[in-house]
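Please look over the sequence and the structure shown below before reading on.

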Amino acid sequence: EGSDAEKVDLSGCNTQRNLSQKGREQAWATGLALQKLKIPLGLTLSGQYCRNRDSAVLLSGKSNAVAELNNPYFQNSTEINRLKVIGDLKRVLMQKPRAGSNTVIVTHESNLRLITEWMLQEGEAAIVQVSALGEPKVLARVTPEQFQVAARQVR
């Protein structure tokens, strides 16, 4: 909802675009669906923006906010910032999940688009596998509605 101020203060949500009530409900419902589907969640990483942190907490009950998941490129679209976003996201993706778990990463859609050319809708998830060389491969895209349908089918 809204837009980021020209100068964003990461500690001040009032300077940032934030989750709408619909976005909060969607993230919460997706988190409940993940629980019902018994998808094992390990580490949850998010960008430092309030909307990233809030989404992560609503999805998994926790958030470890890291600067590597921010996106300086959308405020200053230099080649240096584009390469920084790509390198940072690839390093985060290269971290192996704990055995038997999945890492949840909440970041800006544009970060993923820079490395995969996929454009996700708000609230949509990408299931990503990373090769030994650090190249991400999107295995699937899952909308919030698809999570809900799958969870309703679980007995």
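K38 counts as exposed, because its relative accessibility is 70% and the cut-off for exposed is over 50%. In this predicted model, K38 is placed in the loop between α1 (21–36) and β1 (41–46), and its phi is near 55 degrees, a positive value in a residue other than glycine.

With a relative accessible area of 72%, E117 is exposed.

## The chain as a whole

The protein chain contains five helices and five strands, and reading along the sequence gives the pattern α-β-α-β-α-β-α-β-β-α. Its radius of gyration is 15 Å, close to the 15 Å that the globule rule gives for 155 residues, so the chain is as compact as a globular protein of that length. The C-alpha trace spans about 50 × 40 × 25 Å along its principal axes.

Of the 155 residues, 35% count as buried, while the accessible surface of the chain comes to about 9,400 Å², with 53% of that belonging to carbon and sulfur atoms. Among the contacts with a separation of 6 or more, 52% are accounted for by residues 24 or more positions apart.

## Charges and salt bridges

The protein chain carries 20 positive and 15 negative side chains, and the centres of these two sets lie 9 Å apart. Side chains of opposite charge can pair when their charged atoms come close. How many salt bridges does a search of the whole structure find? The search finds nine, and one of them joins E122 and R17, whose closest N and O atoms are 3.2 Å apart. This pair links distant parts of the chain, since E122 lies in the loop between α4 and β4 and R17 in the segment before α1, 105 residues apart. E122 is exposed, at 62% relative accessible area, whereas R17, at 26%, counts as partly exposed.

K84 counts as partly exposed at 41% relative accessibility, but D88, at 7%, counts as buried. In helix α4, E109 and R113 are also separated by about one helical turn, because they are four residues apart, and their side chains meet in a salt bridge (2.7 Å, N to O).

Key: Residues numbered from 1 in each chain as written. Predicted model: local features only at pLDDT ≥ 70, side-chain atom pairs only at ≥ 80, totals over all residues. Heavy atoms only, no water. Helix = DSSP H or I, 4+ residues; strand = E, 2+ residues; numbered from the N terminus. Rg over C-alpha atoms; globule rule 2.2 N^0.38 Å. Buried < 20%, exposed > 50% of the residue type's maximum accessible area, 1.4 Å probe, protein only. Contact = heavy atoms within 4.5 Å. Areas by Shrake-Rupley, 256 points an atom, 1.4 Å probe, with all protein chains shown as cover. Lys, Arg positive; Asp, Glu negative; His and termini not counted. Charge placed at Lys NZ, Arg CZ, Asp CG, Glu CD. Salt bridge = Lys/Arg side-chain N within 4 Å of Asp/Glu carboxyl O.
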